[in-house]
Amino acid sequence: MGREVAESCVDGVVMEMVAAYCGRFYAAKPELAARRIEAIGFQVGHQLTERYTMERPRFNDHLEAIKFICKDFWSELFKKQIDNLKTNHRGTFVLQDNHFRWLTRVSIDPSIESMDANENDSTSLGDSAAQTTSMLLYFPCGIIRGALTNLGIACSVTADMSNLPACELHHPFCDIYLAYNSMWLCNAVTPSIFK
Amino acid sequence: MVVCVAVVGHQNNPLYLQSFTEADDSLKLHHVVHCSLDVIDERVNNPKRNSPALNETFLGLLYPTENYKVYGYLTNTKVKFIMVTTDLDVKDADARNFFRKFHAAYVDAVSNPFHVPGKKIASRSFSARVSTIVKSFSSGTTA
């Protein structure tokens, strides 16, 4: 058994990485920051698949590899399995996680919200919240893309947050907890073998 | 005794090649390893009907040349491990054990953040671990 690290360290590293890339390194170019973060995730996913596929027999086809991602890989990373897997049988898979672990502690600074105090708060709140949270999702997207590429499936991965916010506490002294429902869309570029 | 071990990437690019003989026949060993890649591809793409497990990582004896026996192992990420040995009787369990430990060492070497995927493995600790595994294999079979 190797050495262990507290899970909050992962939260801390991801938050700091997003803050550093978006705030300091590529402050004016969020797309570039997103791509760098995704590239980091790609390498991590690549290396993690080597480790997590070590004891397993080989996969026969793409579906088995995707199922591995949904079950074993997801439980190693996020301590739970994917809640729902959908496919259009033409190379697109939708992985739905109803309680994405890395987003459960995301909050928005309430001092920013108090500045625009009108009834349309919830929509502008939704936009800025969505933007911040979407930056946090690039790293897991990269991890999944790296994992799938290492298993031989060229793909692109996008994340989509719906049900935002699922639980809203609007209390002046409380942070506002957001979206913990996110969907992962994997588009396999190689031709699907499910005819 | 094990003469050579090799790690070949999924595009058949060499990632690591280490020979354990004193003689300077590394070129011949490269050639043997290269030929065995074809055997692996053939074994994976055309599985025989009566092969017990199509998806096993351990491929077993690939082909015997006049002096050597070549064993192969294919991971889920299409990385191939090849072991060339001059031992005449290698037990299946020993070979599997060897590859299991080798796989563990490989995973640790690849998890190094300074390792570039696709480039050769330059880690000295990996070489040291491989030497230890080879020594224990040789001593296990001759004992």
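**Entry 1: a helix in chain B**

I began with helix H1 of chain B, residues 26–45, which has 20 residues and runs 29 Å from its first C-alpha to its last. That is close to the 28 Å expected at 1.5 Å a residue, where the expected span is 1.5 Å times one less than the number of residues. Helices here are DSSP runs of H or I with at least four residues, strands are E runs of at least two, and both are numbered from the N terminus.

Before going on I noted the ground rules. This is a predicted model, where local features need pLDDT of at least 70 and side-chain atom pairs count only at pLDDT 80 or more, while totals for chains, interfaces and linings use all residues. Residues are numbered from 1 along each chain as its sequence is written, chains are lettered from A and ligands numbered from 1 in the order in which they are written, and side-chain values use heavy atoms, with hydrogens and water left out.

Which residues of H1(B) are buried? I found B:Leu29, B:Val32, B:Val33, B:Ser36, B:Leu37, B:Val39 and B:Ile40. Buried means under 20% relative accessible area, exposed over 50%, and partly exposed in between, with a 1.4 Å probe and protein chains only. An α-helix has 3.6 residues a turn, so residues three or four places apart point the same way. The cover over the buried residues of H1(B) includes strands S1 (2–8), S2 (14–19), S3 (58–64), S4 (69–74) and S5 (80–85) of chain B.

**Entry 2: the S3–S4 hairpin**

I then followed two of those strands. S3(B) and S4(B) form a hairpin with four residues between them, and they pair in the antiparallel sense over five bridges; pairing takes at least two DSSP bridges between the strands. B:Phe58 stands opposite B:Tyr73 in S4(B). S3(B) is mostly covered, with five of its seven residues buried.

**Entry 3: B:Ala95**

Leaving aside neighbours within four places in sequence, B:Ala95 is in contact (heavy atoms within 4.5 Å) with B:Phe58, B:Tyr71, B:Val90 and B:Phe137. B:Ala95 is buried, at a relative accessible area of 0%. From B:Ala95 to B:Gly60 is 8.0 Å, C-alpha to C-alpha, although 35 residues separate them in sequence.

**Entry 4: A:His46**

Is A:His46 buried or exposed? A:His46 is buried, because its relative accessible area is 16%. This residue sits in helix H2 (residues 30–52) of chain A. Not counting residues up to four places away, A:His46 touches A:Gly146, A:Ala147, A:Asn150 and B:Pro117.

**Entry 5: salt bridges**

I counted eight salt bridges over all chains, taking a side-chain nitrogen of Lys or Arg within 4 Å of a carboxyl oxygen of Asp or Glu. One of them joins A:Glu7 to A:Lys79, with the closest N and O atoms 3.9 Å apart. The pair links distant parts of the chain, 72 residues apart: A:Glu7 is in helix H1 (residues 7–25) and A:Lys79 in the loop between helix H3 (62–78) and strand S1 (84–87) of chain A. A:Glu7 is partly exposed at 30%, and A:Lys79 is exposed at 55%. A:Arg101 joins A:Glu7 and A:Lys79 in a network of salt bridges.

In chain B, B:Asp92 and B:Arg96 form a salt bridge at 3.0 Å between the closest N and O atoms. They are four residues apart in helix H2 of chain B, so about one helical turn separates them.
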